[in-house]
Amino acid sequence: MRIVVLAGGIGGARFLRGLKQAAPDADVTVIGNTGDDIHLFGLKVCPDLDTVMYTLGGGINEEQGWGRAEETFHLKEELAAYGVGPEWFGLGDRDFATHIVRTQMITAGFPLSAVTEALCDRWKPGVRLIPMTDDRVETHVAVELDGERKAVHFQEYWVRLRASVRAEAVVPVGAEQSKPAPGVLEAIAEADVILFPPSNPVVSVGTILAVPGIREAIADAGVPVVGLSPIVGDAPVRGMADKVLAAVGVESTAAAVAEHYGSGLLDGWLVDTVDADAVTRVKAAGILCRAVPLMMTDLDATTQMAREALTLAEEVRQA
């Protein structure tokens, strides 16, 4: 079985770990979000790609869900001593090495997709990890700060501001001019199942879908497309997805997120058991829906979530 997964960072990475357990013989291709990418200290940082790579490769900080395990921060402290920032973005010494190698290779002329493949040669995540595009796309958020409307990088909004101000708009800058990275459209066309994990529907999965050609390829793939709700009990399981959902006019409910994706894209949708009353509304939108436990409390629970997604995909296929 060939499975394609559109993944953001922590939620997508942890779901993938369960998917590998649920379908150990499957050929899994992960299309990773690069809208979170940011240039810091002269280096290209790809938070979501690295989170997937570290999580599946055994190098993640399990407690945080991002960054390296057994990390130190001597380089960050030295940069701060020189007055070099930003101090709000925590890059550790081990993590810096990844960004140095990536930046060196990009400077030498290698596209991000080739660089990601080379980095994965070390980590061996057990999936094929492809960035959504080799082109520069950065998600920005329009906010009002000190009485002035301005656009800030998503990482500044999420990490420094902690989404404490209202998001007026979310814009994947550069997406309209980008094109899918090599292998992305081919993987979608050859897939047996396409999954949307419980990643942020606006700035993770939504940004991937903003790359011209990807949404259309998924809609035309002719295979089951199944998503898992990142909203449980009208609140994000992790993070502040409700803040960016509001910016695009979507209420923070499991049913509303399914409707946001739409029946032209989604065939099946899993909601948590606490949102069982949303099943009827989602079905009315033309999307097959089931209520199952969706909290990734441990690997066994996550594996069962992945099994439920694959089971729903089979129901879609037979419908």
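Predicted model: local features only at pLDDT ≥ 70, side-chain atom pairs only at ≥ 80, totals over all residues.
## Note on the sheet and its helices

1. Val-225 in β10 is the bridge partner of Ile-194. That pair belongs to the parallel pairing of strand β9 (residues 193-196) with strand β10 (residues 225-228), which extends over three bridges (strands pair if DSSP finds at least two bridges between them). Helices (H or I, at least four residues) and strands (E, at least two) are DSSP runs, numbered from the N terminus.

2. Residues are numbered from 1 along each chain as its sequence is written, and side-chain values use heavy atoms, with hydrogens and water left out.

3. Seven strands make up an open sheet with parallel pairing, and their order is β5-β2-β1-β9-β10-β13-β14. The edges are held by β5 (128-131) and β14 (288-291), each with a single partner strand, so one side of each lacks a neighbour in the sheet. From one strand to the next, the twist averages 20° (angles run from 0 to 180 degrees between N-to-C directions; axes are lines fitted to C-alpha atoms, for helices over the stretch in contact). Helix α2 packs on this sheet and touches β1, β2 and β5, with a direction at about 175° to that of β5.

4. Within the sheet, strand β1 (residues 2-7) runs parallel to β2, and six bridges join the two. Arg-2 is found opposite Asp-27 in β2. Strand β2 (residues 27-32) is mostly covered, with five of its six residues buried (buried is under 20% relative accessible area, exposed over 50%, partly exposed in between; 1.4 Å probe, protein chains only).

5. Helix α2 (residues 47-57) also has a helical partner: its axis comes within 10 Å of that of helix α5 (residues 112-123), and the two cross at roughly 20°. The pair is therefore roughly parallel (under 35 degrees; over 145 is roughly antiparallel, 65 to 115 roughly perpendicular, the rest oblique). From α2, Leu-49, Met-53, Tyr-54 and Gly-57 meet Leu-112, Thr-116, Leu-119, Cys-120 and Trp-123 of α5 (contact is heavy atoms within 4.5 Å). By class, seven residues of this contact are nonpolar, two are polar and none is charged (Ala, Val, Leu, Ile, Met, Phe, Trp, Tyr, Cys and Pro are nonpolar, Asp, Glu, Lys and Arg charged, the others, Gly among them, polar).

6. Helix α1 (residues 10-22) packs on helix α13 (residues 299-318) with axes 7 Å apart and an angle of about 70°. That angle makes α1 roughly perpendicular to α13. Residues in the contact include Arg-14, Phe-15 and Arg-17 of α1, and Met-305, Ala-306 and Arg-307 of α13. The class count for α1 with α13 is seven nonpolar, four polar and three charged.

7. Helix α11 (residues 254-261) is mostly covered, since six of its eight residues are buried. The buried residues are Ala-254, Ala-255, Ala-256, Val-257, Ala-258 and Tyr-261.

8. Some backbone spots for your checklist. The Gly-85 to Pro-86 peptide bond is cis, with omega near 10°, and Pro-86 sits in the loop between α3 (74-81) and α4 (93-107). Glu-70, not a glycine, has a positive phi of about 50° and lies in the loop between α2 and α3. At 69% relative accessibility, Glu-70 is exposed. Lys-124, also not a glycine, has a positive phi of about 45°; this residue belongs to the loop between α5 and β5. With 61% relative accessibility, Lys-124 counts as exposed.
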